[in-house]
Amino acid sequence: MGGKGPIQTREDFEQYPWESLFDLYWDFADKKFCSLSRNIPEGMKAVGGIGNGVFEISQDLVGMEYLAYMQVDNPQLFNDLFVKIGDMMHKIWIRFLERHSDSYAVCRFGDDLGFRSGTLVSPQVINNNIIPQYEMIIDLIKSYEKPFLLHSCGNIFEVMDDLISLKINAKHSNEDSIAPFEKWIDLYGDKIGLFGGIDIDLLCTKSAAAIKQTVKEKGKEFRSKANGYALGSGNSIPSYVPLEGYLAMIEGANEIR
């Protein structure tokens, strides 16, 4: 969110109400998951989970720039923070899977690790502090025989092989400004499924007819090249995407079918 979060010192960390977060989360979220389960059409399953990921939560609790200070000034606290977040998420995921997994075809969380030219923190931090927490959660999801989709924005090629080693089943978020979708297929199409391929810029700037035509051409191409491919937008749909552009993508996908 920018600025300082509530945890800056060891005292802040110790006094933070970690134990209440589980109940706070479920007081807020359980009715939403139950509503989805009651109302989802027959034969349809959801893709989802409890929310965002380890790194994004660390930014909320500390602040992006203050995480960098903490890493240097108090490395033990920096390490303990990620472990605590991972444990908290794992506990919440257990309840989610026990109560709601039947409504989901694929489980996922989103954790944006990169920006346009690289990762937001060093690959070493991702490997030492973030991936171990991912592994614990992904192993839990796999124990329920659910495939796992990772959503992560940005240029994360430096850590993709490490993420794939966790046995993720698929990856989402790709922007043409980082790399053409063909590169993701060439590098990883024989290892994991790939979601997306239709850039948000296209949906915002082109006519419905042009979008539909591009979707039909690219969708067929990507499906023929990738081992597993799900057509969709290259990133999450923000509020500024014109409805006509979004619907044109859906119509193009349906025409491929």
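Start by selecting Y25, W26, F33, W93, F96 and Y104: together they make one aromatic cluster. Rings of Phe, Tyr and Trp (its six-membered ring) pair when their centres lie within 6.5 Å; planes under 30 degrees apart are stacked, over 60 edge-to-face, and the rest tilted. This is a predicted model, where local features need pLDDT of at least 70 and side-chain atom pairs count only at 80 or more, while totals for chains, interfaces and linings use all residues. Numbering runs from 1 along each chain as its sequence is written, and side-chain values use heavy atoms, leaving out hydrogens and water.

The structure has 17 aromatic pairs. For one of them, pick F222 and Y229, an edge-to-face pair at 5.6 Å centre to centre with 75° between the planes.

Next, show K91 and F22: the charged end of K91 sits over the F22 ring, 4.8 Å from its centre. K183 does likewise over F157, at 4.4 Å. The cut-offs here are NZ of Lys or CZ of Arg within 6 Å of the ring centre and within 35 degrees of the ring normal.

Now for the core. Which residues touch the most other members of the largest nonpolar core? W93, Y134 and L163, out of 65 residues (a core being buried Ala, Val, Leu, Ile, Met, Phe, Trp, Tyr and Cys joined through side-chain atoms within 4.5 Å). Apart from this core lies another, of nine residues, including I200, L203, I211 and M249.

Technical notes:
Buried means under 20% relative accessible area, exposed over 50%, partly exposed in between (1.4 Å probe, protein chains only).
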